[in-house]
Amino acid sequence: MTSVFKSWTKGSILITDAGWGDSGKGKVVSAFSPKIGAKIIGGHNAGHTIVTDKGEFGLGLVPSTIISPKTFNIIGQEVVINPLFLIEEIKSLNKGGIAVSPKNLMIDLRSHLVTPWHSIRDALSEEARGKAAIGSLHLGVGWTFSDRINRRGLRFTDLFAKDWKARVKKEFKNQLGVIDDAKLEVKRKTGKKSKLERKLKLSEIIKIASQTRRFLAPFIGNTLEVVWKEIDMGSKILFEDSHGAMLDVSHGSWPFTTGVNTGVGAVQRSFGGKAVRSLVRIITASKAYQTRVGGGPMPTEDFGEFGKYVRTKGGEVGTRSGRARRCGAFDIPLVSYGLNAIGAGKVDEIALTKLDVLTGWPKIPVCVGYLYKGKLYKETPRVDALFLSQVKPKLVYLPGWKEDLTKIRKFKNLPKAAQNYVLYLEKHLGRRITFIGVGKHKDSYILNG
Ligand code: GDP
């Protein structure tokens, strides 16, 4: 079966990630120019970086397909929006020469708004955790999802209603109560009064709401109507994930996950079952090694020279967080589990990114199984944090290569050892690796198959 990178005529594809995110999905997305590019999940805590001839673009909420002039871009309802961040992002893309206007971007009217009270609640919940704080960036994304599930908070529909000011005031009052409760929680858990000084002001919220109404109004619409109509026409639609299977609240490394579903689950959350049924192919982006940002167990984390090598060479620092990513060997049991959780079958494809980063490392470690209570598991039965913290990775070492890969565009021109590395992963993962990233630039890749 021909790879969808080479031949995609109709139907939808999903680009997602089998691990903890940050696998270079932005670059994989930029290999396509679909009719519709739709972001399915996330907030401004996740980000993609795309390197083009015009420079390097950091994308937060706007779909990565924005760089394709032919694509109409959509932000689905399960993307929570910090409106000031989005306004800045749109302005900065326009400044950088990437045109963004209502002609090529629509935001769903049901999306929830990330508001200053979410950042305050984020900070308070971290304070209540004391030494066990998880290092949240206080962006308030998780708390916005929590409000969405608890059926409160503000959505664009509230801001564009006639009585918008009354709605904002009502929610402001609600949130003051929630914040008071969170402060009591800090006292109860730490024994000390909260040190947080930031106060919520109604005038600040009204100002943000007015700015949002002025700037974003022409972008707001019913994205379901557009997507469902295009599905019926068989149009090419690309659904873009912001996270990865390990960050899925149901299937990931709980509790170190997001509060939402990712992958196919996120397609469902933003665009419903009709969109899930329209998928003709799933592409899972995966780095040629493993990384993870933030807390929680990572079985192949390498505290030695290999970890340092790929972190430095691969520039493994979070786009938004600025935090160094934890690095280690490619984890076959974990990625295999992620592929199953995503629903990636034999027809589906893997985009292996950053193979060039491994250049120069003599013997490349790969994890082929987990040792757990004296037994070797080639496939992991679980990925929750408790289980992952108890396994020991079984590593094999594959020969490395020294040649620079960045200019290579054909699989057969890769050094034999690099070819063997890719084929080894392909065999053990049981899915085709049809895209191989060999450099930072958006066009630095090899298509295979
Ligand atoms: P995403 O969130 O999954 O899009 O990943 P990030 O944007 O956090 O990280 C992607 C980074 O890796 C960007 O700086 C890309 O330019 C870079 N990148 C993507 N693919 C490759 C590759 O094949 N080789 C190298 N060296 N860098 C790559």
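Q: Helices (H or I, at least four residues) and strands (E, at least two) are DSSP runs, numbered from the N terminus. What kind of model is this?

A: It's a predicted model, where local features need pLDDT of at least 70 and side-chain atom pairs count only at pLDDT 80 or more, while totals for chains, interfaces and linings use all residues. Residues are numbered from 1 along each chain as its sequence is written, and side-chain values use heavy atoms, with hydrogens and water left out.

Q: Is Lys373 buried or exposed?

A: Exposed, because Lys373 has 72% relative accessibility. The scale runs like this: buried is under 20% relative accessible area, exposed is over 50%, and partly exposed is in between (1.4 Å probe, protein chains only).

Q: What about Asp22, what's its phi?

A: About 60°, so a positive phi again, although Asp22 is not a glycine. You'll find Asp22 in the loop running from β1 (12–17) to α1 (25–29). With a relative accessible area of 26%, Asp22 is partly exposed.

Q: Switching to voids. How many cavities of 30 Å³ or more turn up?

A: Two, from a search of the whole structure. A cavity here is a set of points on a 1 Å grid over the protein atoms alone, where a 1.4 Å probe fits but cannot get out; lining residues have an atom within 4 Å of a point.

Q: What volume does the largest cavity have?

A: About 80 Å³, with volume taken as the space filled by probe spheres set on the grid points, which are joined across faces, edges and corners.

Q: Which residues line the largest cavity?

A: One stretch of names is Asp17, Ala18, Gly19, Trp20, Gly21 and Ser23, and the lining also includes Ser286, Lys287, Tyr289, Gln290, Thr291 and Val335. Two strands, β9 (279–287) and β10 (290–292), each supply at least two residues of that lining.

Q: How does the lining of the largest cavity split by class?

A: Six polar, four nonpolar and two charged residues. For the classes, Ala, Val, Leu, Ile, Met, Phe, Trp, Tyr, Cys and Pro are nonpolar, Asp, Glu, Lys and Arg are charged, and the others, Gly among them, are polar.

Q: Now the second largest cavity. How much space lies in it?

A: About 60 Å³. The lining of the second largest cavity has eight nonpolar residues, two polar ones and no charged ones.

Q: Which element gives the most to the lining of the second largest cavity?

A: That's α7, with four residues. The lining includes Ile205, Ile208, Ala209 and Thr212, and Pro83, Leu113, Thr115, Leu154, Leu159 and Val168 are in it too.

Q: Leu113, okay. How far is the C-alpha of Arg148 from the one of Leu113?

A: The two C-alpha atoms are separated by 9.5 Å, with the residues 35 apart along the chain. Arg148 is part of helix α4 (residues 141–149). At 13% relative accessibility, Arg148 counts as buried.

Q: Pockets next. What's the volume of the second largest pocket?

A: About 220 Å³. A pocket, unlike a cavity, is an open set of points with protein on both sides within 12 Å along at least five of seven lines.

Q: Which residues lie nearest the centre of the second largest pocket?

A: Ile332, Val368, Lys378, Glu379 and His428, out of 13 lining residues. The elements giving two or more residues to that lining are α11 (332–342) and α13 (416–429). Of the elements, α11 gives the most to the second largest pocket, with three residues.
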